[in-house]
Amino acid sequence: MAKIAVLGFGVVGSGTVELFYKNKDSIIKKAGTDLDIKYILDIRDFPGSPFADKFTKSIDDIVNDDEVTIVAEAMGGVNPAYDFVKSCLEKGKSVVTSNKELVAKKGAELLAIAKKMNCNFLFEASTGGAIPVIRPMHRCLAGNEISAVAGILNGTTNFILTKMINEQMDFAEALKIAQDLGYAEKDPTADIEGHDACRKICILSSLAFGKHVYPDWVHCEGITKITAEDAQYAENWGGAIKLIGSVKKTADGKILPMVRPAFICDGNQLSHVSDVFNAIMVYADAVDQVMFYGRGAGKFPTASAIVGDIVDAARMNGTSVSQTWEDSADNSFIADYKDDVVSVYVRTKGVSQAKVSEAFGTVEYISRENQPADELAFITPELKEKDFDAKLEALGGEILGKIRVLDMED
Ligand code: HSE
């Protein structure tokens, strides 16, 4: 018998409790042991809730109750989630979490505590929502050397970009719908500025390459500068614009994690991933490439991953089998993105083709309907990122947009 505590009764926490009771009988069979939720921690009151007898406002009730062996954290943010999770792990309770910020910033430390205490720290729900990707990368792909991971890791921005492009909806309206559907973070800046995707690529990078990658070390750009015109050019070029989180091994043995919007050609499956869906491509020596796809955000998709981890924690009670990685003292293993070789979409105003050729050599021009006479859009040949800005400056005129093009294995 295992008793569970759920920390946080927001969108994901309430989804976890509801899903658990909806499918309780089959969940217990899969866990191989009886399970029940004993506590729900939240500072708010929920009068009339069917779970009224389970609410507590004190983490001590949970930490000091030896009957509770599994804790599901769905509070979000580092404080106070970090203190709560650490206290539970130090008592030998397994913790499962959907909190990507916590894992991205404190994962190495919490994994080490879990290992020492012979319990588990599991976080399938932290990346890709409903998509099983953490456990498959850790277990099913264990025989591989991973060379790169690239994915659409944020449901809110993918939803917004899809609405803007397919329904000509404006940014604010699309964001409001994403918030109403429970996809967005409490502060949606984390979604639209790429910070949420950054936390997720930190988790996947740490998992793939065995050393903790902290968010401050990752070059990150969001989607706020993307316009309908850029989207139209992308379509006419034969692709789409997506917010991509990626990491790859570089020739000098380092790794390069990054988050940025990217032009993706139609031949790449990521270009066809729409709405709240996420997709993650993993490139590895034995499998070549595998793709994980599904709903990346939302109440029940995320709860699905949490409940899956609860079942795993129950089955593995008394054994520490969590994925693990080393902490990293510094970022000397992270490559400088300015040394990367890129090809870039550029949209200019008041620049001549002669100037473009002078700066970049032969480029691929793209056109759009109602293109103003003084507007030029083109894709540069490959060049080092550090040389790009100087060439752009040499164009003169106005730069209306610049978006990197994604390689198949970027
Ligand atoms: N705000 C996140 C997203 C939630 O939109 O992907 C899931 O992590």
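On a 1 Å grid over the protein atoms alone, a pocket is an open set of points with protein on both sides within 12 Å along at least five of seven lines, a cavity is a set where a 1.4 Å probe fits but cannot get out, and lining residues have an atom within 4 Å of a point. This is a predicted model, in which local features need pLDDT of at least 70 and side-chain atom pairs count only at pLDDT 80 or more, while totals for chains, interfaces and linings use all residues. Residues are numbered from 1 along each chain as its sequence is written, and side-chain values use heavy atoms, with hydrogens and water left out. The ligand sits in the largest pocket, where sitting requires more than half of its atoms to lie within 2 Å of the grid points.

**Largest pocket**
- The largest pocket has a volume of about 1100 Å³, a volume being the space filled by probe spheres set on grid points that are joined across faces, edges and corners.
- Its lining comprises 48 residues, of which Ala74, Met75, Gly76, Glu185 and Lys186 are the closest to the centre.
- Two or more lining residues come from each of helix H1 (11–22), helix H5 (100–116), H7, helix H9 (189–192), H10 and H12, and H10 gives the largest share, 3 residues; helices (H or I, at least four residues) and strands (E, at least two) are DSSP runs numbered from the N terminus.
- By class, this lining holds 15 nonpolar, 20 polar and 13 charged residues, with Ala, Val, Leu, Ile, Met, Phe, Trp, Tyr, Cys and Pro counted as nonpolar, Asp, Glu, Lys and Arg as charged, and the others, Gly among them, as polar.

**Ligand shell**
- The residues surrounding the ligand (a heavy atom within 4 Å) include Lys100, Tyr183, Asp191, Asp196 and Lys200.
- Helix H7 (155–166) and helix H10 (195–209) each contribute at least two residues to this shell, which divides into 3 nonpolar, 4 polar and 5 charged residues.
- Polar contacts are pairs of N or O atoms within 3.5 Å; the side chain of Thr156 places such an atom 2.6 Å from a ligand oxygen, and a polar side-chain atom of Glu185 lies 2.6 Å from a ligand nitrogen.
- The side chain of Asn154 has an N or O atom 3.5 Å from an oxygen atom of the ligand.
- On its own the ligand has 250 Å² of accessible area, of which the protein covers 93%, as computed by the Shrake-Rupley method with a 1.4 Å probe.

**Cavities**
- Across the whole structure, a search finds 3 cavities of 30 Å³ or more, and the largest cavity holds about 60 Å³ of space.
- Among the residues lining the largest cavity are Leu122, Glu124, Arg135, His138, Asp309 and Gln323, and helix H6 (134–140) and helix H12 (299–315) are the elements that give two or more residues to this lining.
- H6 supplies the largest share of the lining of the largest cavity, 4 residues, and the lining as a whole has 3 nonpolar, 3 polar and 5 charged residues.

**Backbone features**
- Asn79 and Pro80 are joined by a cis peptide bond with omega of about 5 degrees, and Pro80 is found in the loop between strand E4 (68–73) and helix H4 (81–90).
- Asn118, although not a glycine, has a positive phi of about 60 degrees and lies in the loop between H5 and strand E6 (121–122).

Technical notes: Polar contact = N/O pair within 3.5 Å; in protein donor to acceptor, adjacent residues only side chain to side chain.
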